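Please look at the sequence and the structure first.

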Amino acid sequence: MEVALETTPSFFIDKHSQMLEGDDLNMSTLRMLYYPAIVDDEPGQSEGAIRCGAHVDYGTFTLLAQDSEGGLEVQLPGSEKWERVGHLPGAILINGGELLSIWTKKRYHALPHRVVIPEQELIRTRGRHSIAYFCHPNNSILISPNDLLGGGEAKSEDKVYSAYELIQKKFNDTYGQRYQ
Ligand SMILES: O=C(O)CCC(=O)C(=O)O
Ligand SMILES: [Fe+2]
């Protein structure tokens with residue numbers, strides 16, 4: 001990414017240096033996800049039900065390892081259509097986060113994604129596992145798009161927020177004003 005964005009080597013590494021030092025300093029987190037099997041459902045009962053609702057991830061990017069059960073779908077830029085993400089054994093999917101999209105003026109998109117319940121009877125009755133590593137910059141880092149991609153003069157209305165402020169903003173938008 002540093003090469004593609006023609007920025008200084010270690011631009012991103014430096015800003016993620018506290019990844020292993022706890023939430024106070026950096027919100028990166030590893031999550032082991034389990035979606036239970038759909039059992040005893042009448043035909044149509046779980047219609048419209050979803051394993052993980054449509055969202056974009058918050059941070060820099062997410063590394064996602066999924067089992068072979070399927071169900072992950074993404075919306076590509078400029079399209080409303082949900083596209084299935086196939087399963088490639090051993091592959092790790094890299095999903096850009098919202099913070100990276102702000103940082104790079106949308107050069108890197110945060111793709112909306114969701115996990116649906118498969119239609120096939122046999123697959124529905126099996127659980128699904130995935131492992132997601134949500135990679136975030138250190139909380140104190142200022143996410144200034146003009147640090148990357150030159151961008152010309154900063155305008156006064158371009159308020160720059162820290163990674164911590166941006167994630168709090170996102171939590172507030174998602175869950176209401178519980179996070180202050
Ligand atoms: O389980 C998955 O494949 C995706 C999970 C996900 O998108 C998330 O936890 O943010
Ligand atoms: Fe996600």
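## Terms and model

A pocket here is an open set of grid points, on a 1 Å grid over the protein atoms alone, with protein on both sides within 12 Å along at least five of seven lines. Lining residues have an atom within 4 Å of a point. The model is predicted.

## The largest pocket

The largest pocket is lined by 29 residues. Nearest its centre lie Arg31, His55, Asp57, Tyr58 and Phe134. Several elements each give two or more residues to this lining: strand 1, strand 2 (50-55), strand 3 (61-66), strand 7, strand 8 and helix 4 (163-175). Helix 4 gives the most, with 5 residues.

The volume of the largest pocket is about 640 Å³. By class, its lining has 15 nonpolar, 8 polar and 6 charged residues.

## Ligand 1 and its shell

What takes up this space? Ligand 1 does: the space it takes is the largest pocket. Around ligand 1 are Leu33, Tyr35, His55, Asp57, Leu64, Leu72, His113, Val115, Arg128, Ser130 and Phe134. Sorted by class, this shell has 6 nonpolar, 3 polar and 2 charged residues.

Which strands each supply at least two residues of the shell around ligand 1? They are strand 1 (29-35), strand 7 (113-116) and strand 8 (128-135). Strand 8 gives the most to the shell, with 3 residues. For the lining of the largest pocket, by contrast, helix 4 gives the most.

## Polar contacts and burial

For Tyr35, an N or O atom of the side chain is 2.6 Å from a ligand oxygen. For His55, a polar side-chain atom lies 3.0 Å from an oxygen of ligand 1. For Asp57, the distance from a side-chain N or O atom to a ligand oxygen is 3.1 Å. Each of these pairs counts as a polar contact, because the cut-off for N or O atoms is 3.5 Å.

Taken alone, ligand 1 exposes 290 Å². The protein buries 93% of that area.

Note on methods: Residues are numbered from 1 along each chain as its sequence is written. Chains are lettered from A and ligands numbered from 1 in the order in which they are written. This is a predicted model: local features need pLDDT of at least 70, side-chain atom pairs count only at pLDDT 80 or more; totals for chains, interfaces and linings use all residues. Side-chain values use heavy atoms; hydrogens and water are left out. A residue is near a molecule or strand if one of its heavy atoms lies within 4 Å of it. A polar contact is a pair of N or O atoms within 3.5 Å; within protein, one must be able to donate a hydrogen and the other to accept it, and residues adjacent in sequence count only if both atoms are side-chain atoms. Accessible areas come from the Shrake-Rupley method with a 1.4 Å probe; for residues, only the protein chains shown count as cover. On a 1 Å grid over the protein atoms alone, a cavity is a set of points where a 1.4 Å probe fits but cannot get out, and a pocket is an open set with protein on both sides within 12 Å along at least five of seven lines; lining residues have an atom within 4 Å of a point. A molecule sits in a cavity or pocket if more than half of its atoms lie within 2 Å of its grid points. Helices (H or I, at least four residues) and strands (E, at least two) are DSSP runs, numbered from the N terminus. Ala, Val, Leu, Ile, Met, Phe, Trp, Tyr, Cys and Pro count as nonpolar, Asp, Glu, Lys and Arg as charged, and the others, Gly among them, as polar. Grid points are joined across faces, edges and corners, and a volume is the space filled by probe spheres set on the points.
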